[in-house]
Amino acid sequence: MMDYNISDLRNAYENIGVSQGRIVYVTGNFGRLGRFSSPSKEALFKAHLNVLSDILGKKGTLVVPTHSFSLANNAMLFDYNNTPSETGPFTEYIRQLPDAVRQYHPFSSSTAVGGSASSICGNCSRHVYGLNTPFHRMVENDALFISLGKEINTTISLVHHAEFMMGVPYRYTKEFWKSCRKNGEELIENFYLYVLYSQCDIARDRNIKITESYRANHSVLEERLGRSSFYSVPMKSYFDHAVNMMSDDIYAWLKNPPTKRPYLI
């Protein structure tokens, strides 16, 4: 079946683990799901939000990525209240909601709505990953990671939080000073990204190795909808599995250990 309606949508979310009071992180590609019963994009996004809000209840929370990486390495101003999300139109729809709370980071932010929105995305560190960030808080609260229309390994940026916490040697923390506007005040402030050494001969494997190992030991829930599927994993179990793999092999995220290692003494 190519089309889907709001009833199908509710069943899909419930069957992949969305439940009352839970924190869910939603990413992916809505277009891959096929045609919704209403042709309007606004109606589609509103349907997803309404279904999630209804299932999650007042204490539940929806989190989405609202990155704006085009602002890195240039003089463009980050306007906390107005800089749009570059991570798809649904995330921009969520960012613009009156009660949305956006992480204060000009390049790689998350935005939340719901009962724990401020607890997840408010008053964060200036890092994307690590302690006192949305990813750390979501792991601590065993949030549910949901990928719409795309296999989980292609979207699960949570793995980078595992890399950060394990201190993988092929990445380092880079500082950026950025012009920002927040609540009418303009400041130049410092923020951090966890980046790859350009001198390394990095061979990525799109999280295939870690995700296949996770699937062999845990369940990745999948629910067919329209032309594609919903996928979900509990963030804490995936994070713990990735950390365990990196404990055994610090290069587990890569296809192969790099032969060029500028950090090697």
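How many bridges join strand 2 to strand 4, and which way do the two run? I looked this up to start my notes.

**Ground rules.** I am working from a predicted model, where local features need pLDDT of at least 70, side-chain atom pairs count only at pLDDT 80 or more, and totals for chains, interfaces and linings use all residues. Residues are numbered from 1 along each chain as its sequence is written, and side-chain values use heavy atoms, with hydrogens and water left out.

**Entry: the sheet.** I found three bridges between strand 2 (residues 23–28) and strand 4 (residues 61–65), and the two run parallel. For V24, I noted L62 in strand 4 as the bridge partner. My strands (E, at least two residues) and helices (H or I, at least four) are DSSP runs numbered from the N terminus, and two strands pair if DSSP finds at least two bridges between them. Seven strands make up an open sheet of mixed pairing, in the order 6-7-4-2-8-12-11. Strand 6 (101–102) and strand 11 (221–225) each have a single partner strand, so one side of each has no neighbour in the sheet.

**Entry: helices on the sheet.** Helix 1 (residues 6–15) packs on the sheet and touches strand 2, strand 8 (144–148), strand 11 and strand 12 (228–234). I read its direction as about 170° from that of strand 11. Helix 2 (residues 41–56) lies across strands 2, 4, 8 and 12, at about 140° to strand 4. Those angles run from 0 to 180 degrees between N-to-C directions, with axes fitted to C-alpha atoms, for helices over the stretch in contact.

**Entry: the cores.** I took a nonpolar core as buried Ala, Val, Leu, Ile, Met, Phe, Trp, Tyr and Cys residues joined through side-chain atoms within 4.5 Å; buried means under 20% relative accessible area (1.4 Å probe, protein chains only). The largest core has 50 residues, and V63, M138, L158, I210, V233, M235 and M246 have the most contacts inside it. Helix 8 (residues 235–248) gives this core its largest share, seven residues. Another core, of 30 residues, lies apart from it and includes V24, F36, L44 and I146.

**Entry: S110.** I then asked where S110 sits, and found it in strand 7 (residues 110–114). S110 is buried, with a relative accessible area of 1%. Leaving out residues up to four places away in sequence, S110 is in contact (heavy atoms within 4.5 Å) with residues including Y25, V63, C121 and F135.

**Entry: the hairpin.** Strand 9 (residues 171–182) and strand 10 (residues 185–196) run antiparallel, joined by 12 bridges. T173 stands opposite Y194 in strand 10. Two residues separate the strands of this hairpin, and N183 in the turn has a positive phi of about 55°.
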